[in-house]
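Here is a short briefing for a first look. Read it with the sequence and the 3D view side by side.

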Amino acid sequence: MWSNLPLFPARASTMAGHVDALYFALVAMAAFFTFLVSALILFFAIRYRKERNPVATQIHGSTALELLWTGIPLGIVMIIFVWSSVIFFMQTRPPKGAMEVYTVGKQWMWKFQHTEGQREINELHVPAGRDVRMIMTSQDVIHSFYVPAFRIKADVLPGRYTSTWFHATTPGRYHLFCAEYCGTQHSGMLGEVIVMEPADYDRWASGGVDGSLASAGEKTFQQYGCSMCHRGDAAGRGPNLMGVFGRPVLLDDGRTVTADESYVRESILNPGAKIASGFKNIMPTFEGQLSEEEVIGLVAYVKALGNGTANLPIPVSEPNSGTYPLAPKAEGSAAKSDKATTPAKTEPAKPAAKQ
Amino acid sequence: METAIQTTEPKKNYLNAEYGVMSWLLTTDHKRIALLYLGSITAFFFLGGFFAMLIRLELLTPAGDLVLSDTYNKLFTMHGVVMIFLFLIPSVPAVFGNFLVPMMIGAKDLAFPKLNLASWYIFIIGAGFILYAIVTGGLDTGWTFYTPYSTTYSNSNVVAAALGVFITGFSSIFTGLNIMVTVHRMRAPGLTWRRLPLFIWAHYATSVIMVLGTPVLAITIVLVALERLFHFGIFDARLGGDPLLFQHLFWFYSHPAVYIMILPTMGVMSEVIACFSRKRPFGYDFIAMSSVAIAVLGFLVWAHHMYVAGISTYAAMIFSLLTFFVAIPSAVKVFNWTATLYKGSITFETPMLYAFAFIGLFTIGGLTGVFLGAVGIDLHVTDTYFVVAHFHYVMVGGAVTGFMCALHFWWPKMTGKMYPEAFAKLSAVLVFVGFNLTFFPQFLLGYMGMPRRYHAYPPEFQVLNVLSTAGASILAVGFLMPMIYFAWSLRYGKDAGPNPYNAAGLEWQTSSPPTTFNFEETPVVTSEAYNYDEIDGTTQKGVEVAG
């Protein structure tokens, strides 16, 4: 047990240096004040002990001193506030063009989906030298994605996407912990982040996958009959999703939202929450019918539609013919018959673009 | 012989005024109720400590080999629930606040004696629910009850424990209400606000938090129980609820609750440091107002527990800024206590040793709070052992040390007996050494990335965990020793006399133990608090009075 006693975590991301620098500054500050207070107490206790100073001198206070020791700490913490906020901005704002890895946390494992199509459990392969953004959700309770070597942490919540990002610098294997207590096997919800040389990573990412994440999403899109309404022309009962992702969407109540991952997710699972201007609130919810992985596939597909790396089919049938399948029976006949009436024949979408 | 026996016949006091179990269970004497609380919370302290020892033993080795994962999760949950809701929250206010607030302001009792007794019964009923939850399968949600784990996924006894926490909340509200009204309405003639002991200011500020904050916790915890029983969908994302709403509501109380635990002990510090320096506290007004500032600002910082929980970047920054503001009044107190020592005439009785320990440990606890308030650092160290170390430095290094300080300082007043000084000093040193050995390594563990609430951990964290467990054993001895010597002192301790430390304050001007109504006649206050110059006869004025 003594052979291995590290006292400091590995530094394997661009963020680690920033966080450590502030940490050391704070350690110095804390050590200084602890030493100051302890030294004063010791000095006064010895110098003014009763044997040496039998009569106390009554001093009521000093406004000047009070202002001094209010003002100096206030100045120090304001410097810390600005410094730490600058780091926080870096931590919470992923750079544009970061590659994306979708993450689903569940009791008690981590599931990762790469846009290239690779899926893994409790192991996360990432390239060194590239920005990687994690888009995360939970299937059950709250988890927290924590890689100490990267100095990043973000809670993973059910019912929404949270995200964090990192830029790994040093190839190697690093701990991935679940940092938010999540039940029986919380301390077993471990993973490993495997940072690879970029060339190795590209080889790994393209090896033995059948189709990208977006193409898996496209299959789901067809299977659940989404293309009935979300057509590639202006005739659909739902918005045409070409080029929508990442752009502002005008809502029927006059607000504008940006079509990000969370908006797409919400529109699938709680369609009535934000209605795009000019459309009716007729879409059924898919809550409980799609797994988080399927939703992620759909999000990746809509994203691919947004940047032109995938296309929507334009069905030949009249959009308003027949009754609308109110709640598509999961995987059931409705989905199949939808497919039958929708001559969906598009080329398989190309892998979603990254960077 | 007979005359000798007659002269040692004890005077009537609150302890021997009546005998029998019913005289205790139906008492409305604030001093007896304080002792009822003292007995109850001491039992809960050792129960919580027992859970802590099992946790530390499990963490001696990296593998989860002593208890099952579920058992471990229940241990740290029950350690937290018992220590926070059944020990720390009532510790100083319900024992020493109860005992001393009326005496310090020259009153016969609290404003609502029956409400005071009711608060103890409610506390015991709530504690009963929590104990019931513990013996019928335990609780494994963490003391924080985070949703949706607590509402949907936990298989343990959440509803019973939640009810227990809900019920004990009312006892806290009653105590707070009682202290507030008493301080407003029952001060002795001449005892103006600026003549109040700082202990009273600290308890007044604490009471405000108790009365304003606790209802929010009560509502939140009821919502958890309702959601668990009937699936209302308040916190369940699938039903349109929001799990983060729970965290906002929970921390809106539970951050100020930290100040419920620490503010009263800050009041204790001001009394003890003044007494053993023979000086009026430096900057009385600033210490008093910093208590009020802490109570107000404490309500505005709750989301610093949630920087990584999914709140917006700007919300996190605002709460970071407010968190730094609340650090200032605590710093002001530490500097003022230190300055009080300057040109004092200092002696080193046990309470003073605890006071020194408090200042040192609370300083470290407060400064590491600055690390956690800094969003950029918090992102890395939140939910790790860094946080565990930080809040134990505040809660044990601060609040428990302050409680021990108060217990030694006012024990002679409560019982009329002196504890054995040498043993008490030894135990104070053991607590200080054991505490630092237990919790300092946890700062290092936290920065290395060891998450909290882990049953098993990677082997590279073992050495520091072994140190921590070793420290916990010393700490346990340090806490067990007072049990023995306090019990011993009840029978064999020297008689204390009314004022063994020559302390200022109205509570020292009556007999030890005091009579049921505290004072023979209502005292009249003619000078400010901490008139140590008059007591020691070291000023012109003091000499004149003596002459």
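**Chain A and the model**

In chain A, 71% of the contacts with a separation of 6 or more join residues 24 or more positions apart. Two residues are in contact if their C-beta atoms, placed from the backbone, lie within 7 Å. This is a predicted model, in which local features need pLDDT of at least 70, side-chain atom pairs count only at pLDDT 80 or more, and totals for chains, interfaces and linings use all residues. Residues are numbered from 1 along each chain as its sequence is written, while chains are lettered from A and ligands numbered from 1 in the order in which they are written.

- Chain A has seven helices and twelve strands. Helices (H or I, at least four residues) and strands (E, at least two) are DSSP runs, numbered from the N terminus.
- Of the 355 residues in chain A, 38% are buried. A residue is buried if 20 or more other C-beta atoms lie within 10 Å of its own, exposed if 12 or fewer, and partly exposed in between.

**Where chain A meets chain B**

- Chain A puts 77 residues into the contact, and chain B puts in 79 residues.
- Several elements of chain A give two or more residues to the side that touches chain B, among them helix 1 (14-47), helix 2 (63-92) and strand 9 (172-178).
- Helix 2 of chain A gives the most to that side, with 16 residues.
- That side of chain A has 45 nonpolar, 22 polar and ten charged residues. Ala, Val, Leu, Ile, Met, Phe, Trp, Tyr, Cys and Pro count as nonpolar, Asp, Glu, Lys and Arg as charged, and the others, Gly among them, as polar.

**The largest nonpolar core**

- The largest nonpolar core has 275 residues. Such a core is a set of buried Ala, Val, Leu, Ile, Met, Phe, Trp, Tyr and Cys residues joined through C-beta atoms within 7 Å.
- Helix 4 of chain B gives the most to this core, with 22 residues.
- Ala162(B), Val272(B) and Ala355(B) have the most contacts inside the core.
- Leaving aside neighbours within four places in sequence, Ala162(B) touches Phe145(B), Ile221(B), Val224(B) and Ala225(B).

**Helix packing in chain B**

- Helix 4 (residues 69-104) and helix 8 (residues 198-230) of chain B pack at about 125 degrees, with axes 10 Å apart. Axes are lines fitted to C-alpha atoms, for helices over the stretch in contact, and angles run from 0 to 180 degrees between N-to-C directions.
- Helix 4 and helix 8 of chain B are therefore oblique to each other. Angles under 35 degrees count as roughly parallel, over 145 as roughly antiparallel, 65 to 115 as roughly perpendicular and the rest as oblique.
- Residues of helix 4 in this contact include Pro93(B) and Gly97(B), and those of helix 8 include Phe199(B) and His203(B). The contact holds six nonpolar, three polar and no charged residues.
- The axes of helix 4 and helix 5 (residues 113-135) of chain B come within 11 Å and cross at roughly 165 degrees. Helix 4 and helix 5 of chain B are therefore roughly antiparallel.
- Helix 7 (residues 158-185) and helix 8 of chain B pack at about 155 degrees, with axes 8 Å apart. Their contact has 23 nonpolar, seven polar and one charged residues.

**One residue of helix 8**

- Ile219(B) lies in helix 8 of chain B.
- Ile219(B) is partly exposed, because 13 other C-beta atoms lie within 10 Å.
- Ile219(B) and Gly190(B) are 29 residues apart in sequence and 41 Å apart in space, C-alpha to C-alpha.
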